[in-house]
Amino acid sequence: MFSFNSLSLLFLFLILLGVVPNLFYMSGYLSHIKRKTHFLINYFAFIFSMIGVVLSNEILPFLFFWELMSLTSWQLILTENTKESISAGRFYFFMTHFGFIFILMFFLILGPNDLMTNFDTLKELANNFKYPSLLFFLIVFGFLSKAGVVPLHVWLPYAHPAAPSPVSALMSGVMLKVAIYAFIKFIFILPNWQIEWGVIILVLGALSSLVGVLYALGEHDIKALLANHSVENIGIILIGIGVGMIFTTLKMPLLAAFAFIAGIYHTFNHMSFKSLLFMSAGSVLYETHTKNIEKYGGLIKTMPITAFMFLIAAISISALPPTNGFLSEWMIFQSMLSSSGISDIVLKLSFPFAIFALALTGGLAIACFVKAFGITFLGLHRSKNAKHAKEVNLLMNIGQIFMAIVVISLMLFFPFIIKTINQSLPIANIYDKIFPSFWTMKSLNNGGAVSPLILLGALILVTIFILIVYKGLNIKERIYHTWACGYNTSAKSQYSATGFAGPIRRFFAWLYRPEIHTHTQTIAGHKTKFANSMYEVHIKPLFEKSLYDGTKKLIDIISFYVYKISHFEKTKYASLIFNLLILVLFSFRVFYHEISWGNILLEMVVMSILIKILIIGDKKW
């Protein structure tokens, strides 16, 4: 029923790294929650279900814990019982069960009648299955919809902001990684990978990373911003996995192992810094009672611990050296740069696109967290709530500090983490090849190398040297008010989050499709003198409006005609059967190549006329 193999234990370790600091943080945050009993029951059941998923080794226990994970997280989103949480919960419930349908189909198609069949038997059955691509796509839709890959990501910016902050940290930091675990576990069950599978995962990862960071830049809800960054980082993880699948198909086991290790290492890193970011954002929300970044400002003075924790995580997620986020992204870059000798034209197009997407994602991520940290913690207070905010309680700070230790440890002890990942996956052992010494990690093909410990030491020495020189020169300091071109300095004269993201928003207007609202109140009719003014920008969620709303409209149209067909007159039923008979005969001839383009055109015209006259009839029906 349960298996304690190396991969399960690896992700069990990941869950514990995310849960233990969260327990401290949750204990301090609990006073902020009204429905405490409801929250605690579902909170611990949620943790229990995630552990159950990674340890399950049979169909029924896996499905049970997977569904329990979905239902408990759904109930945790509904903790606040507000209009926002109910709407988000409804959307999340639909999306998570959309994925569950594909998982169930995977087991029904591949598995025998016995629901207690273990996954080793499934692997043997998969070896004899005639349509492995069908199984692959079921895995993609089933597990990656839970992970938040584009275009199945739309539930994240709704669910994470609606959930309590400890839950947001667990859902983004841990639950999404459980979905990645399930995808990896079942992809290794399938035999004879096709190169198209790896390309699909690579392209999905590149699109997710780029779309996630672009939507994060346009967000002013701090938790929705972080949710979109989860989409970005899931994309980065999938880039590593996709590259590993491609190299495996091309019989390059060493490069494949390097790419897989990079993807799983980034999975650990994202768990750490995203959990810390949600904790710090939750601490700000706990004190200011708003998620709007425009209402923050100056919080570094009153919430220094939270500000420092947020800064550590922001530097790491921005992949600045020598952080753990930099190390895993460097490995992913190196794995893609090793593809220069590949001659396949599809891969020659896919790899440059993925490299470009990852590079652009890194730059935009830095811009996004400059905005998030600067607008939130620096400058003047932008609201009364921010002005009266204070540092959160001891337990919440302990949770943040513990998670910051996890972030730093994943950087300092990265050789041990990489060695553990290498030994936990069914891939080639490359640890000795990429670590010529404890201090340095090198790439396999192109000679690139990195040493975070040496980089960290150099940064510390440079900082100490600058401080010594500064003190030695005895430079005079003068503290004075900020000059604001003759106007009084106030919160309104500061850079806003909307203004900061303005140039990028205009450049990517084709994606954002912004809706701009302005309102001004003039003084005595003067066009240049305003008593009050307001400028708002609302970004249109492209995938939700185009893909999901379009699908909804298509289903409505189909259901309308199905309803009409079910209320036909008897003569129209006969006409419908006649047209279906023509279609069957026509399809039979096409299959056996016994038809010409002239016949195709003629029969389509005849069928259209019959459908119009005999079935559709006049416009009233």
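Where is the place of Pro322? Pro322 sits in the loop between α13 (304-317) and α14 (324-337), and a cis peptide bond with omega of about 5 degrees joins Pro321 to Pro322.

Some ground rules before going on. This is a predicted model, in which local features need pLDDT of at least 70, side-chain atom pairs count only at pLDDT 80 or more, and totals for chains, interfaces and linings use all residues. Residues are numbered from 1 along each chain as its sequence is written, and side-chain values use heavy atoms, with hydrogens and water left out.

Overall, the chain has 26 helices and 4 strands (DSSP runs numbered from the N terminus: H or I of at least four residues for helices, E of at least two for strands). Of its 621 residues, 52% are buried; that means under 20% relative accessible area, with exposed over 50% and partly exposed in between (1.4 Å probe, protein chains only).

Back to the loops. Val150 and Pro151 are also joined by a cis peptide bond, with omega about 5 degrees, and Pro151 lies in the loop between α6 (132-147) and α7 (156-162). Two residues other than glycine have a positive phi, Asn192 and Lys251. Here is how they look:

Now for the aromatics. A search of the whole structure turns up 40 aromatic pairs (rings of Phe, Tyr and Trp, using its six-membered ring, with centres within 6.5 Å; planes under 30 degrees apart are stacked, over 60 edge-to-face and the rest tilted). Phe136 and Phe137 make an edge-to-face pair, 5.3 Å centre to centre with 70 degrees between the planes. Phe136 counts as buried because its relative accessibility is 0%, while Phe137, at 36%, is partly exposed. One aromatic cluster brings together Phe62, Trp66, Phe106, Phe107, Phe119, Phe143 and Phe186.

Over at Tyr431, the charged end of Lys419 sits over the ring, 5.4 Å from its centre (the rule: NZ of Lys or CZ of Arg within 6 Å of the ring centre and within 35 degrees of the ring normal).

One last stop is helix α1, where Phe24 is found. Phe24 is partly exposed because its relative accessibility is 30%.
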